[in-house]
Amino acid sequence: MSTFIQQLANGVSLGSIYALIALGYTMVFGVLKLINFAHSDVMMVGAYVAFFVATGLNAGPDPSIASALITFLAAMAGAAALGIAIERLVYRPLRSASRLSLLIAAMGMSLLLEYGGQVVFGPQHRRVPDVITDERIVLGDLNLTVHKLIILGVSVVLMLGLHFFVNKTRTGTAMRAVSQNVDAAKLMGVNTDFIIGLTFAIGSALAGAAGLLVAFHQQGDIDPLMGVYPGLKAFVAAVLGGIGSIYGAMLGGLLIGVAETFVAAYLPSSFRDTITFSILILVLLVRPAGLLGKFKPEKV
Amino acid sequence: MLNRCRFPIVLAFSALFASFACKKSNPAPDAPRTPPARDGVGAPPARPVAGGDIVIGEFGSMTGATATFGEMTHRGIELAIEEVNAAGGVLGRKVRVLLEDDQSETPQAVSAVKKLIHQDKVVAVLGEVASKRSIAAAPIAQRAKVPMVSPSSTNPELTEKGDYIFRVCFIDPFQGTVMAKFARNTLKFDKIAVLRDVKNDYSVGLANFFTEQFKALGGTVTLDKSYSEGDKDFNAQLTAIKATAPQGIFVPGYYTDVAIVAQQAKKLGLSVPLLGGDGWDSEKLWEIGGESLEGSYFSNHYSKDDQSPRVQKFVTAFKTKYQKPPDGLAAMGYDAAKVLVDAMTRAGATDGKKVRDALAKTTKYAGVTGDITINEKRDAVKPAVVLKVTKGQFQYVETIQP
């Protein structure tokens, strides 16, 4: 039983990372109907920003709350800046082009970041110093760590904050208006360019935060291709939960994290992806819009 | 999944780029094509030799997940070739090493060897460390009848690829036995869990040989779990392993993965020693894993603390050149290059067939990593050492004879 609970905790910790990355996919898709494949690579850049800032602050030998906060905010700001730049330089000029061109551009952007990252940062693995000491926390038979709790806490806080922002603020209302109909929103006086830019900035800032948390999760080990795999899983999580839905992303992320953990615990680890994708297919067969998504038939 | 479909794209681009690069560089005035040198009348056309030097190809993981493997091996080879050239070269000619980086990726290893053999026309190939990449590249050398010497690929399958494929290290059936004997007889362990990398020929082979031997010695394997190279989350497997209360865990992976495994094990309150093989041998192991590896053990090709004069002479020369001590892979690179040069000297020629025959006859070559004798399977038969990880150092524990 204690092993079961420990595995559940492992799964939730892994799942909250998928959920946090999935939020970014879901946001951009909600507003632009674009699957931003470069999203998880923006996460990688966020992790590198964290690496440079934390190393610069000498946080490794001297961890503190202040250096942790600075690193965290720097990663979010760096990723947000990159997100805005990508939107302005690549996606905006293509906005009136076909959906397919935009999708291909997103894939190209993803490859550019991955392999450009190998050129700029070097292909070798780096280690993000621990900005907060990763103490073990023992609760009876349950072994947790400070990092695991931070991962869960930050994911939940960011998700709730995002939900509040989208549903309760004026800008959030404008965002929802753009997501329903860009042209109608423009007629109502919404600055759509600004709103779309803001969506990318927030989505990318979440990716930046995820970058540092992913680094926490894998003991600081980062490399330019670190986004490929979690990105794929997070994308599946977003679709599984219902792409466009904030709670769906969280639910999908947690489900996949827990499923993967239990598969790896009780079956050969090579079954892990098979099971993940089987779950996705099964859910989509029963609920084509995902668990919490709303199915909207296209009106002609 | 995405990753898979990306490789062909990247390969296509690099091929395109390479073909442009060739077209540009061939007519360049500073690189005149020397006419192929002929070793004898009636002999098959010898490989053209640039500038009269003997050109040996090397492929290694200079970057990527196992970057220190490639880097240290290359330094060993570089040192060996420098010494050879300082002593007048081979057959009156200088030796030059052409290095190709395979980025720790199997497809790149294959294209690196293709390039070395078909484009650069090297007379022999040195490499790789990772068995998976050596095994993938070996058939190319075999088909072209270019001798290939792997410094430290220990999976038995490698030299089964053909009679031009050699290695100067021991093989995993022996290495697995070493660790099993050590765990059972020296550490007196009864119960051990295994955590293997299923995507890695080396890891799977070593895990199997270890399990077989450990059971034969009366021990129990409590649980056999797996992961895939590059995984970052081992919590699920380690939690399952913890529930079976083993006295140690055998993790025959590469250092980047092992270091993370060690840390996550400690965080889960699983404080038993880890055991492993020569894939652990990297200064990065401690750099990433730190304290959580304290008191773990692994088998290796040699120990830099070995006081025999030939080891100490090598360690001193290496330290002078690179300002850091050589690890096992550097020593293997050094020996591989020296054994190859020795074979060329004995063959009196550089053509593939003659060098191959000479390599096959290598007997009691006094290498840094022990006396090297190539057996009928083209493997070296040598003792192994067990090292203990302590305070960032790899401390010599014992030598186990074949």
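This briefing covers the fold of chain A, one pair of packed helices and the contact with chain B. The model is predicted. Chain A contains 11 helices and four strands, and 27 of its residues are in contact with 29 residues of chain B.

**Overall shape of chain A**
- The radius of gyration of chain A is 19 Å, close to the 19 Å that the globule rule gives for 300 residues, so chain A is as compact as a globular protein of that length.
- Along the principal axes, the C-alpha atoms of chain A fill a box of roughly 60 × 45 × 35 Å.
- Of the 300 residues in chain A, 52% count as buried.
- Among contacts in chain A between residues at least 6 apart in sequence, 76% join residues at least 24 apart.

**Helices α6 and α8 of chain A**
- Two packed helices are described by the angle between their axes and the distance between the axes.
- Helix α6 (residues 170-180) and helix α8 (residues 192-217) of chain A pack at an angle of about 100°, and their axes are 10 Å apart.
- Angles of 65 to 115 degrees count as roughly perpendicular, and α6(A) and α8(A) are therefore roughly perpendicular to each other.
- From α6(A), A:T171, A:A174, A:M175 and A:V178 meet A:T192, A:I195, A:I196, A:L198 and A:T199 of α8(A).
- The residues of this contact divide into six nonpolar, three polar and no charged.

**The side of chain A that touches chain B**
- 27 residues of chain A are in contact with 29 residues of chain B.
- The elements of chain A that each supply at least two residues to this side include α1 (2-32), α4 (99-121), β2 (136-139) and β3 (142-145).
- α1(A) gives the most to this side, with five residues.
- By class, this side of chain A has 10 nonpolar, 14 polar and three charged residues.

Definitions and conventions
Residues numbered from 1 in each chain as written. Chains lettered and ligands numbered in written order. Predicted model: local features only at pLDDT ≥ 70, side-chain atom pairs only at ≥ 80, totals over all residues. Contact = placed C-beta atoms within 7 Å. Nonpolar A, V, L, I, M, F, W, Y, C, P; charged D, E, K, R; others polar. Rg over C-alpha atoms; globule rule 2.2 N^0.38 Å. Buried ≥ 20, exposed ≤ 12 C-beta atoms within 10 Å, placed from the backbone. Axes fitted to C-alpha atoms, helices over the stretch in contact; angles between N-to-C directions. Parallel < 35°, antiparallel > 145°, perpendicular 65-115°, else oblique.
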